[in-house]
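Work through the two exercises below with the sequence and the model side by side, trying each task before reading its solution.

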Amino acid sequence: MLRKVNWRGPGFTLIELLVVIAVITILVSIIVPATVGVKEQANFTRCKSNLRQLGMAFRQYRMNEKFGPYHDGVDFLTSLYALGHMPDPLIFLCPSSGDTNNNGGDLLPLPSTKSACSYLGRDNSFAPRYPGFMTVEAFSDTTMAADKKVNHVTERNVLFYDGHVAEVQEDDS
């Protein structure tokens, strides 16, 4: 004779399983945007660090050579790489920009390609070939380099001549 077995052991019903999946989905939808914000904040901080290191390399160049690089714009910064004052080519890239410089291969020869550096250097065309134009200590509100575009939502990182880096809102001047 066949006996009907009613197996009802410890386990989950379909409703309980669906509730657990729904709770996990809600938690993931809360956590994922928070981690994206943390990653962007880390990129923002690395970008500031890169600009600060470029500022230190510039000061080292000025102390050794007694004048600043003659180049303008992007080449103003990449000349620090060409002259050996900034040996790490990744310093020239903002982590949020998506730019690449082929591990420094695109930084040379000058003029470098536009995507080789994520930052804009100061335009020194107002004093071409004058070796003393950067020997005077500049004010803290004089910019030396900045993000090419807004890589960090609404802010740009800006390097000033005195070496500090600050974030500037896009609508600020």
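**Exercise 1: a surface patch**

Task: identify which residues form a nonpolar patch on the surface.

Solution: Ile-15, Val-19, Val-23, Ile-26, Leu-27, Ile-30 and Ile-31 form this patch, with about 670 Å² of accessible area together (Shrake-Rupley method, 1.4 Å probe, with only the protein chains shown counting as cover for residues). Patch residues have over 30% relative accessible area and no salt bridge, nonpolar side chains (Val, Leu, Ile, Met, Phe, Trp, Tyr) being joined within 5 Å and like charges within 9 Å; a salt bridge is a side-chain nitrogen of Lys or Arg within 4 Å of a carboxyl oxygen of Asp or Glu.

The model is predicted: local features need pLDDT of at least 70 and side-chain atom pairs count only at pLDDT 80 or more, while totals for chains, interfaces and linings use all residues. Residues are numbered from 1 along each chain as its sequence is written, and side-chain values use heavy atoms, leaving out hydrogens and water.

**Exercise 2: strand pairing**

Task: trace how β3 pairs with β2 and with β4.

Solution: Begin with β2 (residues 143–147), which runs antiparallel to β3 and is joined to β3 by three bridges (strands are DSSP E runs of at least two residues, numbered from the N terminus; pairing needs at least two DSSP bridges). Here Ala-145 stands opposite Leu-159, and Leu-159 in turn stands opposite Val-165 in β4. Five bridges join β3 (residues 155–160) to the antiparallel β4 (residues 165–169), where Arg-156 faces Val-168. Finally, four residues separate β3 and β4 in a hairpin, whose turn contains Gly-163 with a positive phi of about 100°.
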